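Me: I have a model open and would like to learn how to read it. Could we go through it feature by feature?

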Amino acid sequence: MKFRSLILGALGVAVGITGIALSKAAYAAEQFIPMLVYRTGPYAPSGIPVANGFRDYYTLVNKRDGGINGVTVTFEECETKYDTKIGVECYEKLKGKGPTGASLFNPYSTGITYQLIPKASVDKVPILSMGYGRTSAADGRVFEWVFNFPMTYWSQASAFVKYVSRQEGGYDKLKGKNIVHVYHNSAYGKEANPTLVALAKRYGYKLTLLAVDHPGQEQKATWLQIRRLKPDWVFMSGWGVMNSVAIKEAAAINFPMDHFVGNWWSGTDADVIPAGQGSVGYKSTTFHSAGSGFPVHADIIKHVYGGDAAKAKENNIGEVLYNRGMVNAMFGIEAIRTAMGKYGNKSMTGEQVRWGLENLNVENARLQALGMKDFTRGVKVSCADHETGGSLRIQQWDGTKWKFVSQWLSPMRDIVRPMIEKDAAMFAKENKITPRSC
Amino acid sequence: MFYRESGQFKTSYQKDQQVFPIAQDRIFIALLLVVAFAVVPFVADEYWLQAVIIPFLIFSLAAVGLNLLTGYAGQVSLGTGAFMAVGAYATYKITTAFPEINIVIVFLMSGMVAAGVGIVFGLPSLRIKGFYLAVATLAAQFFILWLFNKVGWFFNDSPSGTITAPPRTLFGIMISGPEATAEVRYFVSLTFLVVFTVIAKNIVRGRIGRSWMAIRDMDIAAEIIGIQPLKTKLMAFAISSFYCGLAGALSVFAWLGGAETEAFSIAISFQVLFMIIIGGLGSIMGSIMGAAFITLVPIFLTNMPAMFGIPMATDLSKHIEEIVFGGLIVFLLIVEPHGFARLWQIGKEKLRQWPFPY
């Protein structure tokens, strides 16, 4: 018995060692991209489509293009459960993998992003928090290693107010209007508050902030309050299971859905489908198209799923958050490609990828080549501005699909940018960072 | 054979009363400390230190703190997370307001703040006991986190409500903030754990610990023999909260580097409670073993499929981890309801008789 377990143990160790040896040997021209995902827990409804979008796009780049300029993309998932502590553990585990370490991190959690921001500059690994994370990271002079293009939470909130003013017929009509912000009670949900408060002062609308505690399954009290307040507009910063619960509750109190606008993390198929017909008319912001009708989707079905469209559908293809993951993966890949343009076609280090991100310029011609024409807008990052001049659109759920109901709305940069610079300066002072000159 | 105290004569009261009366225990602990201080930081890589060992040390400190209250004084508390939050936020507030104060002193001051808060929320313990007290401390958990979430003063009005550990030095070495190396943070956490474990061990051996145990075993009898319940219970709350506050401060400054209230949620309170239940109520050693089990086993289970080269989807391996971990807890509690501390004791008894058991 003892002897047997000894042999089994030795066998296990041997298998482990050969495994390590094999993976070491395979380090040829490879570019390692770590993936922090959450496929379990209350945030899985949002986390799964995002993770699948990333995975499929990386696989597509390998199968269709043979990697990035011939360098194979390798990636590994680490489950975070949207928990900051596990996220940090995953970061530590993955940051040194691959021949040149992690290329860049996409934490997909504002809480984890906050944790990683100070570490990134020390470990020399860039963070691409696309449309989430710390808003003031848009100030590239202070946050050298963090990128949050194409837009930040604060820009988004200002664009939402702009949209409301257009619907109401002008900024002067905002006075006295009742706006409620329902938000996830975490670093993420609170991000939009300062902007909404500042704009409330400027335009004279009445703002009520209603927090929903993690994980957001219990919102009866919140929506009773909304029923009493009878707000003209409700803006929501939700994530995971909180979104579908909120939409169901809103439908239950017969709140006019077309005056209920989610942010871009609160508007995917998994959020609206559970509420059935109740969710028809629900709106959300976004910065790319929904649906799977673009050439890049055809490529994914062909190269990744071998033509099996049903299997692709099972893996969320075309859902809003799937597309979000894909867009995010595309920006990451293009940044690595940009870096290769300068440093040569080999495995890029984190520092080189950071240069690529800062000099990233995705134009419409490039998007067309990638099969993403009119799918999203290009970006042009600069040293000082890590947010870029992005803009958003409002999409509406018609019961079966999302369709755009607005033109591109640009945020009120004149208000947002000074706030960003002020917050970044405070961070720099607290952490004794000397801002770069750009 | 090797573990036998025959021939070790105690010739003075001092020798008779020392923490480890058996020479082999002393050697073992000394070796453990040498390994912890001199071997681990040079052998373990950054991932191990940062993601595995430092959280283990910090949770050990919190578990020791809760064990003083629950295991020794018999007061069930579900407010551990909140007391840790008090320590963390107090450290942040004090060190950002007075950056010139040495960070170690700030840690101790925050521990005091947590102790004060602990006393306030310990007051109900004078009237209520058992499960009802647990519910009262639950109120602390929710109230304190709500306060830190709601009032901007506590997080210096940062837009997202997160606190970040600013860079601070001790003897010219960076010990908090992003520049601090994992080794330094490991040393800081380890030193705090060792120093305060020694203090805890001595508290529970002395007059205070005995009065706690008397209150735990039968409070009316304790009162009759002259132990004041008010003083004793509140002291248990204060000292326990001090430990938890210190652990909370370390978890932000030496481990995470930043946190929001979510990092100190009710889940943490339960986790620390499970640590002392699995480790063994009323045992300092048990607290540390329980902390090791709860923090290390899930990480080990997560990494196991990859270690053996078994390809497995991340969600599947996470689910398996949760099933196995839950199963292990149930198994342990059935096999040994008194936790690791009891297993340790049984092990020692067996060692004494080895190799000729009778």
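Me: At what angle do the axes of H3(B) and H10(B) cross?

Reply: Two packed helices are described by the angle between their axes and by the distance between those axes. In this predicted model, the axes of H3(B) and H10(B) cross at roughly 170 degrees and come within 7 Å. Angles over 145 degrees count as roughly antiparallel, and H3(B) and H10(B) are therefore roughly antiparallel to each other.

Me: Which residues in H3(B) meet residues in H10(B)?

Reply: From H3(B), the residues include B:Ile54, B:Ile58, B:Leu61 and B:Leu69, and the H10(B) residues they and others meet include B:Phe237, B:Tyr243, B:Leu250 and B:Trp255. By type, the residues of this contact between H3(B) and H10(B) divide into 19 nonpolar, three polar and no charged.

Me: How many residues of chain B are in contact with chain A?

Reply: 30 residues of chain B are in contact with 37 residues of chain A. On the chain B side, the elements giving two or more residues are helix H3 (46-72), helix H12 (284-307) and helix H13 (314-335). That side of chain B has eleven nonpolar, 13 polar and six charged residues.

Me: Is helix H3 of chain A mostly covered or mostly uncovered?

Reply: Helix H3 (residues 84-94) of chain A is mostly covered, with eleven of its eleven residues buried. Among them are A:Lys85, A:Glu89, A:Glu92 and A:Lys93. The buried residues of H3(A) pack against strand E1 (30-37), strand E2 (72-79) and H4 of chain A, and also against H3, helix H10 (229-256) and H12 of chain B.

Me: What does the radius of gyration say about chain A?

Reply: A compact globule with 438 residues would have a radius of gyration near 22 Å, and chain A agrees because its value is 22 Å. The C-alpha atoms of chain A fill a box of roughly 75 × 55 × 45 Å along the principal axes. Chain A has 16 helices and eleven strands, and buried residues make up 56% of its 438 residues.

Me: Which domains does the assignment give for chain A?

Reply: The assignment gives domain 1 (28-152 + 292-391 + 419-430) and domain 2 (153-286 + 406-413). The centres of domain 1 and domain 2 of chain A are separated by 27 Å, taken over C-alpha atoms. Across the boundary, 21 residues of domain 1 of chain A are in contact with 28 residues of domain 2 of chain A. On the domain 1 side, helices H2 (44-65), H4 (110-123), H13 (320-343) and H16 (413-430) of chain A each supply at least two residues. That side of domain 1 consists of twelve nonpolar, seven polar and two charged residues.

Me: Are A:Asn69 and A:Asn316 buried or exposed?

Reply: A:Asn69 counts as partly exposed because it has 15 C-beta neighbours inside 10 Å. A:Asn316 has 23 C-beta neighbours inside 10 Å and so counts as buried.

Notes. Residues numbered from 1 in each chain as written. Chains lettered and ligands numbered in written order. Predicted model: local features only at pLDDT ≥ 70, side-chain atom pairs only at ≥ 80, totals over all residues. Contact = placed C-beta atoms within 7 Å. Helix = DSSP H or I, 4+ residues; strand = E, 2+ residues; numbered from the N terminus. Nonpolar A, V, L, I, M, F, W, Y, C, P; charged D, E, K, R; others polar. Rg over C-alpha atoms; globule rule 2.2 N^0.38 Å. Buried ≥ 20, exposed ≤ 12 C-beta atoms within 10 Å, placed from the backbone. Domains from an automatic or database assignment. Axes fitted to C-alpha atoms, helices over the stretch in contact; angles between N-to-C directions. Parallel < 35°, antiparallel > 145°, perpendicular 65-115°, else oblique.
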